[in-house]
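Morning, everyone. I will go through one structure, starting with a contact list and ending with a helix.

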Amino acid sequence: MAKKTKKKPIKRVAESGVLELWRKVVIMRANGQCEYPNCTVNFTQLHPHHYYSRGNKSVKYDPLNGICFCHQHHTNGKEAAHLDPDFKEKWLASGKRPEGWLEELTRRKNQIAKDNDELRGYWKEKLKEELERLEGEK
Ligand SMILES: [Zn+2]
């Protein structure tokens with residue numbers, strides 16, 4: 001009798017858990033500070049922002065695509081990333097990311113990815129490693 005080949009069971013990985021790890025990494029990497037150039041807002045909350053919209057699955061969980069902002073620079077103020085049409089230009093001119101950052105991020109963004117358990121599982125592990133590395137740096 002032919003042996004039945006068992007399919008490897010797919011491990012479910014929830015989107016919310018991976019995004020939570022992504023948020024932690026982005027905030028910790030920024031030392032809990034708003035990364036907007038010369039931010040002087042006395043903020044109470046930090047909002048990790050996706051430079052390329054999270055609709056781009058390939059960089060949805062990629063910390064390279066994350067920027068840590070206060071609420072005012074994320075969604076509330078006139079300079080907010082989501083409101084200011086010149087935001088990307090200002091951000092790029094700020095020098096807050098090393099040279100080549102946008103090129104590498106754009107290269108990754110242009111890769112095709114499906115937001116499935118495999119992708120989330122991959123990023124879950126990568127983000128955990130990154131979190132450990134950042135914690136070790138403190
Ligand atoms: Zn700010």
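Two residues are in contact if their C-beta atoms, placed from the backbone, lie within 7 Å. By that rule V18 touches V13, Y61, R120, W123, K124 and L127, leaving out residues up to four places away in sequence. Residues are numbered from 1 along each chain as its sequence is written. This is a predicted model, where local features need pLDDT of at least 70, side-chain atom pairs count only at pLDDT 80 or more, and totals for chains, interfaces and linings use all residues.

Next, the core. A residue is buried if 20 or more other C-beta atoms lie within 10 Å of its own, exposed if 12 or fewer, and partly exposed in between. A nonpolar core is a set of buried Ala, Val, Leu, Ile, Met, Phe, Trp, Tyr and Cys residues joined through C-beta atoms within 7 Å. The largest one has 17 residues, and V18, W22, C34, C68, F69 and L127 touch the most other members. At least two residues each come from α1 (15-29), β2 (66-70) and α5 (117-137); helices (H or I, at least four residues) and strands (E, at least two) are DSSP runs, numbered from the N terminus. The most, five residues, come from α1.

Now α5. Which of its residues are buried? They are R120, W123 and L127. The face turned away from the buried side carries exposed E129, E132, R133 and G136.
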